[in-house]
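Take a look at the model below before reading on.

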Amino acid sequence: MKQAGTAQSGRPSPLPGALWGSPPQALGDDTEDVSLDLGGEEELALRKAQIRHPLATFFHLFFRVSAIITYLFCDWFSNSFVACFVTILLLLSFDFWSVKNVTGRLLVGLRWWNQIDEDGTSHWVFEARRVSMIAASTEAEARIFWLGLIICPVIWTVFFFSTLFSLKLKWLALVIAGISLQTANLYGYIHCKLEGQKSIGRITSRFFVTADVPKSKYQAGLSAINQEVSNADLLFLAFPGISS
C-alpha cells in the first residue's frame, strides 16, 4: 500500500479537464503577436515636440525682433538719428540675408533666388525640398518660421501709418525699407510653398496616369480577343462543315 501510494504521488497530477472527462486542452500560448509601428510614432513625436535647428530658429527671430525693439527704444540709447538709422538698417539687412539663405532652407525646406542666364535673362526660382518626415523640419520650427515671417511685416506696416500720422517723416524711409525687405521674404516663401504644392499635384497626377496605362492595355487585349472570337463564330456559321 505504501509503495502504491508512493507511485501514485510520483505521477503528475492530471489536468482539471481530465478529471471531468472533457478532452484535454492545449497548453500552447494562444496570444497573438501584434506588431506595433513604433517608428512612425517616434517620427511623429519628434516632428511635433523637438526643435532640430535651435541656432537657426534663434537667428530667425533675433535680427527682426532686435530691429523692432531698437526702432521703439532707440531714443533711450542714443540721441543720434544717424546711429539709430544705420543700426536698424543693418539689423534688417542681416535679417533679410539670414532668412532668405539659411533659416528658410533649414526650418521649412524652402528657398528662392534670382537667376541670370547666359543670355542675360533674369528669372526667379522657387524651390521646395521633398524629403522624408524624419529629415524634414518639425512642426514647432515651421510654426515659429511662419509666425515670425508674417507678424513682423504687419508690425512694420503699423509703424508706417503711425509715422505718417505723427509726421515723423525722417523715419519714413527706414520704415519703408523694413516693409520692403521683410515683405520680399514673405512673398518669396509663399511662392515656394505654392510651387511645392503644385509639384506634389503634378507627381500625383502622373502616378495615376501611369497606373491607368496597364489597365488600358489589358482592356485593349480583351477587346482584340473578343473580336477574334466573334470572327471565329461567323466563320463557323458560314461553313458548318469545318467543325467536323
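The paragraphs below go from the overall layout to the hairpin, the cores, the salt bridges and the surface.

This is a predicted model, in which local features need pLDDT of at least 70 and side-chain atom pairs count only at pLDDT 80 or more, while totals for chains, interfaces and linings use all residues. Residues are numbered from 1 along each chain as its sequence is written, and side-chain values use heavy atoms, with hydrogens and water left out.

Start with the layout. The protein has 7 helices and 2 strands. Helices here are DSSP runs of H or I with at least four residues, strands are runs of E with at least two, and both are numbered from the N terminus. Read from the N terminus, the order is α-α-α-α-α-β-β-α-α. Of the 244 residues, 23% are buried. Buried means under 20% relative accessible area, exposed means over 50%, and partly exposed lies in between (1.4 Å probe, protein chains only). The accessible surface is about 17600 Å², and carbon and sulfur atoms hold 66% of that. These areas come from the Shrake-Rupley method with a 1.4 Å probe; for residues, only the protein chains shown count as cover. Contacts (heavy atoms within 4.5 Å) can also be sorted by sequence separation. Among those between residues at least 6 apart in sequence, 72% join residues at least 24 apart.

Now the strands. β1 covers residues 110-116 and β2 covers residues 122-128; they run antiparallel and are joined by 7 bridges. Two strands pair if DSSP finds at least two bridges between them. Together β1 and β2 form a hairpin, with 5 residues between them. Gly-120, in the turn, has a positive phi of about 90°. Trp-124 is in β2. Is Trp-124 buried or exposed? It counts as exposed, because its relative accessibility is 52%. Beyond its neighbours within four places in sequence, Trp-124 contacts Trp-112, Trp-113 and Asn-114. The C-alpha atoms of Trp-124 and Trp-113 are separated by 5.9 Å, with the two residues 11 apart along the chain.

Turn to the interior. A nonpolar core is a set of buried Ala, Val, Leu, Ile, Met, Phe, Trp, Tyr and Cys residues joined through side-chain atoms within 4.5 Å. The largest has 16 residues, and Tyr-71, Ile-88, Trp-156 and Trp-171 have the most contacts inside it. Two or more residues come from each of α4, α5 (81-107), α6 (139-165) and α7 (172-238). The largest share, 5 residues, is from α4. Leaving out residues up to four places away in sequence, Trp-156 touches Ala-67, Ile-68, Tyr-71, Ile-88, Leu-92, Val-175, Gly-178, Ile-179 and Gln-182. A second, separate core has 12 residues, including Val-99, Val-108, Phe-145 and Leu-149.

Thr-163 is buried, because its relative accessible area is 2%. With residues up to four places away left out, Thr-163 touches Tyr-71, Lys-168, Trp-171, Leu-172 and Val-175.

Next, the charges. A salt bridge is a side-chain nitrogen of Lys or Arg within 4 Å of a carboxyl oxygen of Asp or Glu. By that rule there are 2 salt bridges. One joins the side chains of Asp-95 and Arg-64, at 2.9 Å from N to O. Asp-95 lies in helix α5 and Arg-64 in helix α4, so this pair ties together parts 31 residues apart in sequence. Both Asp-95 and Arg-64 are buried. Another pairs Arg-111 with Glu-127, whose closest N and O atoms are 2.9 Å apart. This pair links distant parts of the chain, with Arg-111 in β1 and Glu-127 in β2, 16 residues apart. Arg-111 is partly exposed at 38% relative accessibility, and Glu-127 is partly exposed at 32%.

Which residues make the nonpolar surface patch of about 730 Å²? They are Leu-61, Val-65, Ile-69, Leu-72, Phe-73, Trp-76 and Phe-77. Patches are made of residues with over 30% relative accessible area and no salt bridge; like charges are joined within 9 Å, and nonpolar side chains (Val, Leu, Ile, Met, Phe, Trp, Tyr) within 5 Å. Val-65 sits in helix α4, residues 54-77. Val-65 counts as partly exposed, because its relative accessibility is 36%.
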